[in-house]
Number of protein chains: 2
Amino acid sequence: MKLKLVSAAIALALGVGISGMALSQEKPESLVKQRQAKMTLQWKYLKPLYLMSRDRMPYDAKTVAQNVSYLAVLDEMAWDGFDPSTKDLKTHALPAIWSEPAKFKAAQEHLEKAVAQLVKVSKGGNEAAVKSAIGDVNDACNACHKDFREKE
Amino acid sequence: MKLKLVSAAIALALGVGISGMALSQEKPESLVKQRQAKMTLQWKYLKPLYLMSRDRMPYDAKTVAQNVSYLAVLDEMAWDGFDPSTKDLKTHALPAIWSEPAKFKAAQEHLEKAVAQLVKVSKGGNEAAVKSAIGDVNDACNACHKDFREKE
């Protein structure tokens, strides 16, 4: 309580409105909603590419180019939704996310590298290479889910 | 039923697997989840800018540049989640989305223009102009919600 008052005093001293500060801090429920939204859109744009890579959908270079450009930006967005404040909410997130932060960070970087490679390869236009790079992105998703996401 | 068999025959003739075709069609529930995910991320990245524009958060040019780049891409993503197949699901979407498609399309274009203007102005770096452009984007969101989204 005392700490809150001190924070409030500092905020006032800095000329920052309390309401603005409070509004800029997301509730744990919002953080979960936001991180799930990111996953939903990543899968929206990866799914057709994955089906193409497995020859379960006709290969379409235009869709590949567009979806890869979206995936690159979605992947760039912060993982800030996995904040410790969300630990106790009921989601598929496993406690290892917070108990093994270095391993979780490495899993994010694995995806980052795979997406960067897909961006690069998709510009070359070699269908087989693109399909292989799509598979690698999908593998990076699965590898992270295996360690950090509860089985459904 | 007969039509389904004909479609299947055509698909086979074209060498497209049935399972692949089925998997490439999203269920109405998935479409709703995807369109809501897009809205969630749009607000995630607009909200801090909106608070800055109202002087409820300190203005930070770096955050503005990053979030505007995300908003530009999120806005570019298709509005395909508002498919007629989702009409009967319980969401905040109003029937006007499907009964007044031209008006709904105009509302999307209103947002598109406002975001394009924000992208342009944010490169100039004039804080007052950026704040005004942020307000215009927020207004475009609200204008569409007013006509096409049920009040909460």
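User: In which sense does H3(A) cross H7(A), left-handed or right-handed, and how should I read such a crossing here?

Analyst: The general idea is that handedness tells which way the near helix is turned relative to the far one, and a left-handed crossing is one in which the near helix is turned anticlockwise from the far one by less than a right angle. In this structure, which is a predicted model, H3(A) passes H7(A) in a left-handed crossing.

User: At what angle do helix H3 and helix H7 of chain A pack, and how far apart are their axes?

Analyst: Helix H3, residues 28-53 of chain A, packs against helix H7, residues 127-148 of chain A, at an angle of about 135°, and their axes are 9 Å apart. Because an angle counts as roughly antiparallel over 145 degrees and as roughly perpendicular from 65 to 115, H3(A) is classed as oblique to H7(A).

User: Which residues make this contact, and how many of them are nonpolar, polar and charged?

Analyst: H3(A) contributes Met39(A), Trp43(A), Leu46(A), Leu49(A), Tyr50(A), Met52(A) and Ser53(A), while H7(A) contributes Lys131(A), Ile134(A), Val137(A), Asn138(A), Cys141(A) and His145(A). Sorted by class, the contact of H3(A) with H7(A) has nine nonpolar, three polar and one charged residues.

User: How do H3(B) and H7(B) cross, at what angle and within what distance of their axes?

Analyst: The axes of H3(B) and H7(B) come within 9 Å and cross at roughly 135°, and H3(B) and H7(B) are therefore oblique to each other. H3(B) passes H7(B) in a left-handed crossing. The residues that make this contact include Trp43(B) and Leu46(B) of H3(B), and Ile134(B) and Val137(B) of H7(B); by class, the contact has nine nonpolar, three polar and one charged residues.

User: How many aromatic pairs are there over all chains, and how should I read the geometry of the pair Phe82(A) and Phe104(A)?

Analyst: The reading rests on the distance between ring centres and the angle between ring planes, where planes over 60 degrees apart count as edge-to-face. The count comes to 12 aromatic pairs over all chains. In Phe82(A) and Phe104(A) the ring centres are 5.3 Å apart and the planes stand at 70°, so the pair is edge-to-face. Phe82(A) lies in the loop between helix H4 (61-76) and helix H5 (96-99) of chain A, and Phe104(A) in helix H6 (residues 101-124) of chain A, so the pair ties together parts that are 22 residues apart in sequence. Both Phe82(A) and Phe104(A) are buried. Ring pairs also link Trp79(A), Phe82(A), Phe104(A) and Phe148(A) into a cluster.

User: Are Phe82(B) and Phe104(B) buried or exposed?

Analyst: Phe82(B) counts as buried at 15% relative accessibility, and Phe104(B) is buried with a relative accessible area of 7%.

User: Where is Glu150(B) found, and with which residues is Glu150(B) in contact?

Analyst: Glu150(B) is found in the segment after H7 of chain B and counts as partly exposed at 36% relative accessibility. Leaving aside neighbours within four places in sequence, Glu150(B) is in contact with Thr91(B), His92(B) and Leu94(B).

How values were computed:
Residues numbered from 1 in each chain as written. Chains lettered and ligands numbered in written order. Predicted model: local features only at pLDDT ≥ 70, side-chain atom pairs only at ≥ 80, totals over all residues. Heavy atoms only, no water. Axes fitted to C-alpha atoms, helices over the stretch in contact; angles between N-to-C directions. Helix = DSSP H or I, 4+ residues; strand = E, 2+ residues; numbered from the N terminus. Parallel < 35°, antiparallel > 145°, perpendicular 65-115°, else oblique. Contact = heavy atoms within 4.5 Å. Nonpolar A, V, L, I, M, F, W, Y, C, P; charged D, E, K, R; others polar. Phe/Tyr/Trp six-rings, centres within 6.5 Å; stacked < 30°, edge-to-face > 60°. Buried < 20%, exposed > 50% of the residue type's maximum accessible area, 1.4 Å probe, protein only.
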